[in-house]
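Me: I'm new to this structure and would like a close look at one part of it. Could you take me through what surrounds that part, and then show me how it fits into the rest?

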Amino acid sequence: MSIDSLLSSPLGPPACEKDAKALQFIEDMTKNVDEVQRRVLEEILSQNADTEYLRKFQLNGATDRDTFKSKVPVVTYEDLHPEIQRIANGDRSPILSAHPISEFLTSSGTSAGERKLMPTIREEMDRRQKLYSLLMPVMNLYVPGLDKGKGLYFLFVKAETKTPGGLVARPVLTSYYNSEQFKTRPYDPYNVYTSPNEAILCVDSFQSMYTQMLCGLLMREEVLRVGAVFASGLLRAIRFLQLHWKQLADDISTGTLNPKITDPSLRECISKIVEPNPELSEFITGECSAENWEGIITRIWPNTKYLEVIVTGAMAQYIPTLEYYGGGLPLSCTMYASSECYFGLNLKPMSKPSEVSYTCMPNMCYYEFLPHDPNAPALSRDSPPRLVDLADVEAGKQYELIITTYAGLCRYRVGDILQVTGFYNSTPQFRFIRRKNVLLSIESDKTDEAELQKAIENASALLREFNTSVVEYTSYADAKSIPGHYVIYWELLVKDQENSPSHEVLNQCCLAMEESMNSVYRQSRVADNSIGPLEIRVVKNGTFEELMDYAISRGASINQYKVPRCVNFTPIMELLDSRVVSVHFSPAAPHWNPEQRRC
Ligand code: AMP
């Protein structure tokens, strides 16, 4: 490749030849967005023409958009559940995809309280890998010299399960980190991690975190970027350091490895890395024993140029805490993806979180967009909505994302609301607005209004024998504690003051609520410790009336006023907190069984 072409990318001068190719790929895709989308749909429809699902709609070999849109319906996960269940139960016929289903990816979105199961095919891994391969070439345009050091990334796998038909079911990142593409990735000076594969692939979250942190500390001078997938993961790592720095410093001082690391391959791998370094141990002890942890990341890893974590969407709640520990380091959100499909990347990865837009890569799947008007009535089956193509969305408008994938999802509602912020070449860029129907989220958990309502009902059953009921409630995702936790405000009607529910009974109500939550919540609570015990704050009688008065004073209509089921506006929080009469926490972890799958 000539020097000219190295200098020629409209995105900026590439750092190396490999980057030049990646940036050229982005140019090619984004310039020809409509043509790429036409081709992607044609490929998907030809590949899957003989699947049971597509045959049902009698496309008769047609692969064009008009026929596809007029014959194939827009669906939700629930609509596909019978097909997905059959695949999970072992039916290997081409139901959704002509290619064999290689595994299920377990989404953090839930259906009937269980993680959604997304069938995937082997070739999708290459598509995901392709998107990953574009991230560093873009980052290198903004941050020079990343080949001179390492990335400290806290990456984790989760336990795998099997469906009744024998297919593996695991989160998409667990699948990726276990893939040959990841495990045997060729050396790339721009993508060197401090964490060895053995540490990332250890399913025991304590051992994995401990060894990743240990390696990060040992290589502190070399670390140029620190990250995790989501903001909550990086904060968990900081919390872990707060709790375990003494043992880590001991290991570094003596060059030994904590006996709690029992995984043989992990022990073998880390033992080769850890060497006695009393000076480093003293430094860590000095920093970590200090009261003030503000800017701790920049103190321990002084060469860090940015923190890479997703802080758009539900994770925005962690920005102030990350800014505190990160000493103001830039927060970089690099990509937008899901278990169903990976979508796109941020072409300006150093932009402020509030200004982040993702460019949907047209080669990943066939996209459609359902115009979303927050004030319009819900979708009616009688008047099918008009969906817009990727090339036709309009700047400033909001849409719900609908995708058709190579793995066999057709016109599938992802549930994300996106807003068009502009275009790169002819490809739209989107701000992530929110996930539909999510009220509370701390980590990957997503609790909707109906789930919260059900949990309240189950918990309040414990109050019946005390002649007490919950008259009003609202909730708050408290991201200031690490790990974060759900806070539920209750206003109670106690009919018999002599026999009011005790502190212990209200603690049990917290646990009863947790038992009612979906499996992602319970797994985060039990296996990952990434969500703290649920808290109920009982407020004084009349508090919710005051809340209404406050809303009305700010212009809400009395007729249409509804109690918000989730709050995060500071004056409202202050009002609620000033009326708290008692505080209760879940006394135990809820039930969670990794083997359990109701599919
Ligand atoms: P999962 O179902 O567990 O694969 O989670 C995928 C969902 O996570 C997406 O549909 C989004 O709602 C959310 N998500 C993924 N990437 C981002 C991002 N960069 N910003 C905000 N939300 C995201």
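Reply: Proline 196 touches Cys215, Cys269, Ile270 and Ile273, once residues up to four places away in sequence are set aside. This is a predicted model, so please read everything here as computed from that prediction. Proline 196 sits in the loop between helix H9, residues 180-183, and helix H10, residues 197-200. Is proline 196 buried or exposed? Its relative accessible area is 14%, and because buried means under 20%, proline 196 counts as buried. For a sense of distance, take glycine 484: it is 288 residues from proline 196 along the chain, and their C-alpha atoms are separated by 28 Å.

The peptide bond from isoleucine 482 to proline 483 is cis, with omega near -5 degrees. Most peptide bonds are trans. Proline 483 belongs to the loop that runs between strand S17 (468-478) and strand S18 (485-494).

Two further loop residues have a backbone angle to look at. Most residues other than glycine have a negative phi. Glutamine 58 is not a glycine, yet its phi is positive, at about 50 degrees. You will find glutamine 58 in the loop between helix H4 (52-55) and helix H5 (65-71). Arginine 411 also has a positive phi of about 50 degrees without being a glycine, and its loop joins strand S14 (398-404) to strand S15 (412-424). Arginine 411 has 5% relative accessibility and so counts as buried.

Leucine 511 is part of helix H18, which covers residues 503-516. With a relative accessible area of 13%, leucine 511 is buried. What does leucine 511 touch, not counting residues up to four places away in sequence? The answer is Ser586, Pro587, Ala588, Ala589 and Pro590. Leucine 511 and alanine 199 are 312 residues apart in sequence, and 33 Å lies between their C-alpha atoms.

Glutamate 287 is in helix H14, residues 278-289. It is buried, with a relative accessible area of 16%. Leaving aside neighbours within four places in sequence, glutamate 287 is in contact with Trp293, Ile296, Arg299 and Ile300. Aspartate 28 is 259 residues from glutamate 287 in sequence and 49 Å from it in space, C-alpha to C-alpha.

Methionine 139 takes us to helix H7, residues 122-142. Its relative accessible area is 1%, so methionine 139 is buried. Beyond neighbours within four places in sequence, methionine 139 is in contact with Leu146, Tyr306, Ser332, Thr334, Pro349 and Met350.

Next, the aromatic rings. How many aromatic pairs are there? The count comes to 20. In one of them, tyrosine 336 pairs with phenylalanine 343 in a tilted arrangement, 4.9 Å centre to centre and with 45 degrees between the planes. Tyrosine 336 and phenylalanine 343 are both buried. They belong to one aromatic cluster, together with Tyr358, Tyr367, Phe369, Tyr399, Phe430 and Phe432.

Finally, step back to see the whole chain. It has 21 helices and 20 strands. Its C-alpha atoms fill a box of roughly 85 × 70 × 50 Å, taken along the principal axes. Why call the overall radius of gyration consistent with a compact globule? For 599 residues, such a globule would have a radius of gyration near 25 Å, and the chain has 25 Å, so the two agree.

Of those 599 residues, 54% count as buried. Among contacts between residues at least 6 apart in sequence, 69% join residues at least 24 apart. The side chains include 61 positive and 75 negative ones, and the centres of the two sets lie 3 Å apart.

To return to where we began, proline 196 is a buried residue, placed in a loop between two helices and touching residues that include Cys215 and Cys269.

Key: Residues numbered from 1 in each chain as written. Predicted model: local features only at pLDDT ≥ 70, side-chain atom pairs only at ≥ 80, totals over all residues. Heavy atoms only, no water. Helix = DSSP H or I, 4+ residues; strand = E, 2+ residues; numbered from the N terminus. Rg over C-alpha atoms; globule rule 2.2 N^0.38 Å. Buried < 20%, exposed > 50% of the residue type's maximum accessible area, 1.4 Å probe, protein only. Contact = heavy atoms within 4.5 Å. Lys, Arg positive; Asp, Glu negative; His and termini not counted. Charge placed at Lys NZ, Arg CZ, Asp CG, Glu CD. Phe/Tyr/Trp six-rings, centres within 6.5 Å; stacked < 30°, edge-to-face > 60°.
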